[in-house]
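User: I would like to go through a protein model step by step. Please show it first.

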Amino acid sequence: MKGIFEITGGSVAGARHAKTGKNNQDAFIWRQTDDLVIAIVADGCGSGRFSEIGAQIGARLFINRLMKAMNHNHSIEPSLELSRQLTLEDLESLILKTAWRGERIKEHFQHFLFTLVGTVITPDQTILFHIGDGVVCENGKVAEIGPFSNNQPPYIAYGLIEQSPEGFSLKDLKFTIYFTGPTSEVQSILIGTDGVVDLVKAEKEKIPGRDELVGSLSQFWENDLYFKNPDAVRRRLAIVNRESVKINWEEREVKKEEGLLPDDTTLVVIRRKNLSVCKTSEDERR
């Protein structure tokens, strides 16, 4: 698949988190071989004190399990379920080892509450899947997953609890397949955490401190720069989310524009190597 698809991605902390001193609680990771592409984004529970721990570690545990499962069984859906179960075993072992006293188990469990949105691409089949909320996009068709009641999505680690939290069934705690189709028809895939919803909504707004518009989500699979420069996606998200302050000395007035991404925002984009429109933003032309 290395000769067919190219991948890029990036992440920024949300404006709300930056103001309160919180870390970026999102994570992203991908693996690409000659005959397989797997990409994952994870979003740690916003109310968790150290949810970035669970998102970063959990995403890596899961993708490693899924890579092994796919190497032994090229049927995607059974591999997803097996990987979910094995990841839960990994998380349980990690929680028990780090929570060296019984009363700390619940505290450490809270660190490992995170959503997962991902894709698997084989030579024959492509699947988009999720546990929890986020954004998925297949061939330009953008869809929001969620939101859930009280802004509380299901987390994969809820599978460790004997009784599902109120409002969630056992089905909610397993992977939902959003899309499945032949890889031959796939031109582009985007997966994102729920912060991407704000990015989509801001499409026609001006970037703080500039006359340039944020632009459509399609820029991330149409613009070559995002695939040539590994930091380009993060940089673009950071520009959209930076605070602008202008001082009018004559009027003795300060004009402040807030960043447009209140929540942590993370996305991974996959496209066919021949899919190129070469669009450039004003920032890239400078």
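User: What volume does the largest pocket have?
Analyst: This is a predicted model. Its largest pocket has a volume of about 820 Å³.

User: Which residues lie closest to the centre of the largest pocket?
Analyst: The lining of the largest pocket is made up of 39 residues. By class, 13 are nonpolar, 13 polar and 13 charged. Elements giving two or more residues to this lining include helix H1 (15-20) and strand E3 (37-44). Closest to the centre are Gly46, Asn151, Gln152, Pro153 and Tyr155.

User: Is Thr119 buried or exposed?
Analyst: Thr119 sits in strand E4 (residues 114-121). Beyond its neighbours within four places in sequence, Thr119 touches residues including Val37, Ile127 and Ile270. A polar atom of the Thr119 side chain lies 2.9 Å from the backbone oxygen of Ile127. The cut-off for buried is under 20% relative accessible area, and Thr119 has 0%, so Thr119 is buried.

User: How are the rings of Tyr158 and Phe168 arranged: stacked, edge-to-face or tilted?
Analyst: The model has seven aromatic pairs. In this one, the ring centres of Tyr158 and Phe168 are 5.9 Å apart. Stacked needs planes under 30 degrees apart, and edge-to-face needs over 60. The planes of Tyr158 and Phe168 are at 40°, so the pair is tilted.

User: What is the relative accessible area of Phe168?
Analyst: Phe168 lies in the loop between E7 and E8, 10 residues from Tyr158. Tyr158 is buried, at 14%. Phe168 is buried too, with a relative accessible area of 16%.

Methods. Residues are numbered from 1 along each chain as its sequence is written. This is a predicted model: local features need pLDDT of at least 70, side-chain atom pairs count only at pLDDT 80 or more; totals for chains, interfaces and linings use all residues. Side-chain values use heavy atoms; hydrogens and water are left out. On a 1 Å grid over the protein atoms alone, a cavity is a set of points where a 1.4 Å probe fits but cannot get out, and a pocket is an open set with protein on both sides within 12 Å along at least five of seven lines; lining residues have an atom within 4 Å of a point. Grid points are joined across faces, edges and corners, and a volume is the space filled by probe spheres set on the points. Helices (H or I, at least four residues) and strands (E, at least two) are DSSP runs, numbered from the N terminus. Ala, Val, Leu, Ile, Met, Phe, Trp, Tyr, Cys and Pro count as nonpolar, Asp, Glu, Lys and Arg as charged, and the others, Gly among them, as polar. Buried means under 20% relative accessible area, exposed over 50%, partly exposed in between (1.4 Å probe, protein chains only). A polar contact is a pair of N or O atoms within 3.5 Å; within protein, one must be able to donate a hydrogen and the other to accept it, and residues adjacent in sequence count only if both atoms are side-chain atoms. Contact means heavy atoms within 4.5 Å. Rings of Phe, Tyr and Trp (its six-membered ring) pair if their centres lie within 6.5 Å; planes under 30 degrees apart count as stacked, over 60 as edge-to-face and the rest as tilted.
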